[in-house]
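Hi everyone, thanks for coming. Let's take a look at this one together and walk from the strands out to the pockets.

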Amino acid sequence: MTERPLIVGNWKMHMTPSEATEYVSRFLSHAVGHPGSRDIALAPPFASLHAAAASLAGSEILLAAQNTHWEEEGPFTGEVSSRMLAEIGCRYVIVGHSERRGLFGETDRRVNQKVRAVLLCGMTPILCVGEQESDRLAGRTREVIDAQLKLALANIRLDDGQSLAVAYEPVWAIGTGKNALPSDAVEVHTIIRNELRIAYGARTAEASRILYGGSVTRSNAGSFLSVPGIDGVLVGGASLDPDSFAAICHAAF
Ligand code: PEP
């Protein structure tokens, strides 16, 4: 299991370029970057990636994208490729977020193609998986997570030294103020790590970071980040305020 947690702020469709610049300057004033002890990434919307990249230059904070197209280039009006994201300086790309799956019809096959595209461009996918509340109530959590992972990673090879990030985000916990219990999250994280072990071997499974996401705030972040097996958090709403996101990052030691 990693000793270097990853904290990601997913801004979703918030923050214009000038707001992103303002955010980054305030966020950096909290001195959250600690090289070697944790990785922190911000995931602005596409239109604000460049502004965020410019403001983050020279800092320890990494850049992430919220989505990608699966092809390298072509007639796909309105889409953005992984090559473009890599050139802007993204290190991570969120793939298969439940809002993409639920609101934009993203299928497991597309998620699989996107994971491949991100890896081919030298970035790390943050692959999101998570069950609906009805699945959890029906005792189907393991089945759903297993299926999502297997389909997302089908025929995906990793180069030597390459690893993945997987975000366990129970759909019922996203933006709702309802958390999974850290103990429930760990149970699912163990399932995920086992799948990674089967697919890629122990070394890659240990090097891959498994994050929890779903209504993480400055007041509950520590309860997730202090649990062995939870290698970081993916934060939506609470990352929109630079002070609160900085407090979450400070909880990661
Ligand atoms: C997310 O968008 O991935 C997320 C977990 O959102 P929130 O923190 O608002 O629940």
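The elements themselves are DSSP runs, with helices being H or I of at least four residues and strands being E of at least two, all numbered from the N terminus. As for where this comes from, it's a predicted model, so local features need pLDDT of at least 70, side-chain atom pairs count only at pLDDT 80 or more, and totals for chains, interfaces and linings use all residues. Residues are numbered from 1 along each chain as its sequence is written, and side-chain values use heavy atoms, with hydrogens and water left out.

OK, strands. Take β6, residues 165-168.

Now the inside. By a nonpolar core I mean a set of buried Ala, Val, Leu, Ile, Met, Phe, Trp, Tyr and Cys residues joined through side-chain atoms within 4.5 Å. In soluble globular proteins, nonpolar side chains tend to be buried together. The largest core here has 61 residues, and I7, F27, L42, I192, L196, Y212 and F245 have the most contacts inside it. Helix α8, residues 182-200, gives the most to this core, with 5 residues. Apart from it lies another core, of 14 residues, including A64, Y92, I126 and C128.

Contact, by the way, means heavy atoms within 4.5 Å. Not counting residues up to four places away in sequence, L42 touches G9, W11, Y23, V24, F27, L56, I61, L62, L63, A64 and F245.

L56 from that list is also one of the buried residues of α2, together with S48, L49, A51 and A52. What do the buried residues of α2 pack against? The answer is α1 (17-28), β2 (39-43), β3 (62-65), α3 (82-88) and β4 (90-95). After α2 comes G58, with a positive phi near 85°.

On to the pockets. The search runs on a 1 Å grid over the protein atoms alone: a cavity is a set of points where a 1.4 Å probe fits but cannot get out, a pocket is an open set with protein on both sides within 12 Å along at least five of seven lines, and lining residues have an atom within 4 Å of a point. Grid points are joined across faces, edges and corners, and a volume is the space filled by probe spheres set on the points.

The largest pocket holds about 410 Å³. It has 18 lining residues, and K12, Q66, N67, R100 and F104 are the closest to its centre. Two elements give two or more residues to that lining, α2 (46-56) and α4 (98-104), and the largest share, 4 residues, is from α4. For the make-up, I count Ala, Val, Leu, Ile, Met, Phe, Trp, Tyr, Cys and Pro as nonpolar, Asp, Glu, Lys and Arg as charged, and the others, Gly among them, as polar. That lining is 9 nonpolar, 5 polar and 4 charged.

The second largest pocket is about 240 Å³. Its lining also has 18 residues, with S98, R101, Q132, Q148 and V171 nearest the centre.

Let me finish on R101, which sits in helix α4. Why does R101 count as buried? Because its relative accessibility is 17%. Beyond four places in sequence, R101 is in contact with G96, E106, D108, V111, L127, C128, V129 and Q148.

Methods
Buried means under 20% relative accessible area, exposed over 50%, partly exposed in between (1.4 Å probe, protein chains only).
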